[in-house]
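Dear colleague,

I am passing on the structure we spoke about, together with some notes on what was found in it. Please have it open beside this message as you read.

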Amino acid sequence: MHAVTAVSPREQRRALWISTIAFTVCFAVWTIFSIIGVRIAKDLGLSDTQFGLLVGTPILSGAITRVGLGIWTDRYGGRLVQTIVMLAAGISTLLLSTTTSYLPMLAAALGVGIAGGSFAVGVAYISRWYPTESQGTALGLFGLGNVGASLTHFAAPYVMVAFGWPVAARIWAGVLMVTALVYWFVAREDPVTAAQRAGTARPSSLAKALAPLRKLQVWRFSLYYFFTFGAFVALSLWLPRYYVGVYGLSIETAGLVVTAFSLAGSVFRAFGGWLSDRHGARSVMYLSLIAAVIITFIISYPETDYVVHGIEGDIRFTMGIGFVPFVMLTVVLGFFMSLGSAAVYKHIPVYYPDNVGSVGGLVGMIGALGGFVLPIAFGFMNDLLNVWTSCFMLLFSLVATALIWMHAAIRIMERRKIPELRGPKYLPELEETTA
């Protein structure tokens, strides 16, 4: 196990705040297509499926790079890997601003998506600065970087309307590359990487790093994150178009409204981490998934006109979710998603302290894949069913499956007398479970 060597609280705080700032900027760039994609779709006359593919492509590359980036962080340190990630994504975003047709945009979007891999780097880097009993809170604070989506939803529409989407892309690229330079000079090598460079410790072999990925438990955590994070990203990308299509909002107003959802899905990750440290990740996951099942069921109901043939004539009425209740429900949904995301990542450094990079990378990859797959599925279901709320029907099915699997797995472990994480203490036997 990689023990956290003695480091001062000041060094811990430095690692946490510079990593959170870097992740915030990366997340802002990673989700930029949620805004500029609406204008691009209008300019190019894209279908909903094509739009879903466009906004999902950077999420795909951000997902598939996470395992590799997590492993590289375990071996080479977060300071170097994070800087490279930001520079590569910044250059790709700059190149995006020069494209004028659909296929080159998809190619550039793959490079932009590298920014999404920064999460796996940050998780592995931050975990090495904090002891087990504090990692939930620390990683929850780091997860506040999701607020980068809110910054994009708030600012990008005004920049795009005033100057055009290419200028917005150039500004976001410039901020990211400047942040990369600041990060390189402010961040310090984590204690484990410093020991490896000094020759007093050796990095884990690739085979050892990948060994935990054979466990079913890791894939169960990945499904949780597919919803709590992947669906959060997917809705951050999809909701601007949803508000424009369903409620007739302007893109500026839609971006502002989605900011509330993005904030709720971001700022409470720290609270979710604290709750997981205090009361256990299992309890927080139950709370998150049960609440999400209820909310997605309610908002999946399409607006429907009814006719009741009464005694003295027909009685007509409409059932559906109005604008204000819908906004409120999505904000509450974002809140519970943020709690669940933090709870998932509380498990990883506790169960797999030597493999945070690889396990965290895989879980992050599967979760981020949700941000790629779901917008495409949303668009496809719109084209197929012609019902706007079909996206929430899909999310209800997804979160209900995750809840059922979690409860079934826990009941199996209880019958086998295998405890799962209930509090901040490390339970060694959990590393060997496959449930």
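**Helix α6 and its surroundings**

The buried residues of α6 are Y102, M105, L106, A108, A109, G111 and V112, and these residues pack against α1, α2, α3, α5 and α10. Please keep in mind throughout that this is a predicted model.

Of these partners, α5 can be described in some detail. The axes of α5 and α6 come within 7 Å of each other and cross at roughly 160°, and the two helices are therefore roughly antiparallel. The crossing in which α5 passes α6 is left-handed. On the α5 side the residues that take part are A89, S92, T93 and L96, which meet M105, A108, G111 and V112 of α6. M105, A108, G111 and V112 are also listed among the buried residues of α6.

**The protein as a whole**

For orientation, the protein has 19 helices and two strands. Of its 435 residues, 58% count as buried. Among the contacts in the protein with a separation of 6 or more, 84% are accounted for by residues 24 or more positions apart.

**Helix α10**

Helix α10, another partner of the buried residues of α6, runs over residues 165–186 and so named has 22 residues. From its first C-alpha to its last it reaches 32 Å, close to the 32 Å expected at 1.5 Å a residue. Its buried residues are W165, A168, A169, W172, A173, L176, T179, A180, Y183 and V186. They cover an arc of only 160° around the axis, which puts them on the same side of α10. An α-helix has 3.6 residues a turn, so residues three or four places apart point the same way. The face of α10 that is turned away from the buried side carries the exposed residues V178 and F185.

What do the buried residues of α10 pack against? Their partners are α1 (9–30), α2 (33–44), α5 (78–96), α6 (102–112), α7 (118–127) and α9 (148–163). With α5, helix α10 packs at an angle of about 160°, the two axes being 8 Å apart, and that makes α5 roughly antiparallel to α10. The crossing of α5 and α10 is left-handed.

**Helices α2 and α3**

Both α2 and α3 are among the helices against which the buried residues of α6 pack, and the two can also be described as a pair. The axes of α2 and of helix α3, which covers residues 48–64, come within 10 Å and cross at roughly 150°. That makes α2 roughly antiparallel to α3, and here α2 passes α3 in a right-handed crossing. The residues that meet are F33, G37, V38, I40 and A41 in α2 and F51, L54, V55 and P58 in α3.

**A position in helix α9**

A155 has its place in helix α9, one of the helices packed against by the buried residues of α10. Is A155 buried or partly exposed? With a relative accessibility of 28%, A155 counts as partly exposed. A155 and G255 are 100 residues apart in sequence, while their C-alpha atoms are 8.4 Å apart in space.

The remaining notes concern helix α17, which spans residues 323–351 and in which S338 is found. S338 counts as buried, at 0% relative accessibility. When residues up to four places away in sequence are not counted, S338 touches A264, G265, S266, F268 and R269.

G340 also lies in helix α17, and at 0% relative accessibility G340 counts as buried. The C-alpha atoms of G340 and G273 are separated by 9.1 Å, although these residues are 67 residues apart along the chain. Leaving aside neighbours within four places in sequence, G340 is in contact with T228, M285 and S288.

A343, finally, has its place in helix α17 and is buried, with a relative accessible area of 0%. A343 and G272 are 71 residues apart in sequence and 6.3 Å apart in space, taken from C-alpha to C-alpha. With neighbours within four places in sequence again left aside, A343 is in contact with S276, A281, V284 and M285.

With kind regards

Key. Residues are numbered from 1 along each chain as its sequence is written. This is a predicted model: local features need pLDDT of at least 70, side-chain atom pairs count only at pLDDT 80 or more; totals for chains, interfaces and linings use all residues. Side-chain values use heavy atoms; hydrogens and water are left out. Helices (H or I, at least four residues) and strands (E, at least two) are DSSP runs, numbered from the N terminus. The expected span of a helix is 1.5 Å times one less than its number of residues. Buried means under 20% relative accessible area, exposed over 50%, partly exposed in between (1.4 Å probe, protein chains only). The arc is that of the directions from the helix axis to the C-beta atoms. Contact means heavy atoms within 4.5 Å. Axes are lines fitted to C-alpha atoms, for helices over the stretch in contact, and angles run from 0 to 180 degrees between N-to-C directions. Angles under 35 degrees count as roughly parallel, over 145 as roughly antiparallel, 65 to 115 as roughly perpendicular and the rest as oblique. A crossing is left-handed if the near helix is turned anticlockwise from the far one by less than a right angle, and right-handed if clockwise.
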